[in-house]
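Let's take a walk through this structure, one piece at a time. Have the sequence and the 3D view ready.

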Amino acid sequence: MFGVVPKTLWSRHQACDELNRIEAGFNCFVVDDGRERVLIETGGGVRHDERALERMRIPRGISAAEALAEAGFEPESITLVINTHLHWDHCGGNTVDSGAPAFPNARYVTQRGELERAREQHPRDAVSYRAINYEPLLADGRMHLLDGDVEIAPGIQVQVTPGHNRDMMVVMVQSGGSTWCQMADLAPYAAHVTPTWVAAFDLFPLESIRSKSELFARAAGEGWWCSFGHDPAVSFGRIRCDAGKFSLGL
């Protein structure tokens, strides 16, 4: 998760077990403005074989729809689902059973370029894409494809930020004069607020550094709240810039 960053540095932020596994969240967010109830990400889903369950120590049988229902958000109440990208750990809860939508009254959105990448099944990242999470939604017209940066609902914008892959998006929500940005895998953990801390999963590490530097500068300058794709402990924080170095204030 921290690429070439030495363990002596990253372990100060994330403890690990004897196999160097660190705790990770499948962080999903609900935005409700009284007109739309928007779900950002749907987590890792429940389709995992025994080997994967053991390797990643994923809890059994926890779906995004069930977790949301327990928190008071019935799946039928979701009107829009945003997949920042189509890796299984961000859209694994899109569908249930043989491909039925987990959120039956929602339209789903992702970038057109991301779908094209998913269908390439390149050896480098084919394991990250599982067609059951998106192809059934495309077949019945529930998933809509975006072309670049766009406002997809009042006050909710998506911006393509290449690095983790070519077409991943961050989500920016504006309300009451404030901005919140869900960084997704551009900064999966709060510790990635240092732009050069780049995950080994990133296909374009130099682009990651550039995208993070530009977005973090805006976040610091405009006082955004930010959140991260996989941090299990930090829900929200504000990025600061002091003498050219970024840090996080909670």
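The side chain of Q159 makes a polar contact with the side chain of R218, at 3.4 Å; a polar contact here is a pair of N or O atoms within 3.5 Å, where within protein one must be able to donate a hydrogen and the other to accept it, and residues adjacent in sequence count only if both atoms are side-chain atoms. Keep in mind that this is a predicted model, where local features need pLDDT of at least 70 and side-chain atom pairs count only at pLDDT 80 or more, while totals for chains, interfaces and linings use all residues. Residues are numbered from 1 along each chain as its sequence is written, and side-chain values use heavy atoms, with hydrogens and water left out.

Q159 sits in strand β9 (residues 156-160); helices (H or I, at least four residues) and strands (E, at least two) are DSSP runs, numbered from the N terminus. Leaving aside neighbours within four places in sequence, Q159 also has L215 and M172 among its contacts, a contact being heavy atoms within 4.5 Å.

Now look at helix α7 (residues 205-222). Its buried residues (under 20% relative accessible area, 1.4 Å probe, protein chains only) include L215, F216 and A219. Seen down the axis of α7, the buried residues fall within an arc of 125 degrees, so they line one face of the helix; the arc is that of the directions from the helix axis to the C-beta atoms. They pack against several strands, including β9 and β10 (169-175). On the other side of α7, L206 and G221 are exposed, meaning over 50% on that scale. After α7 comes G223, with a positive phi near 70 degrees.

Notes:
Expected span 1.5 Å × (residues − 1).
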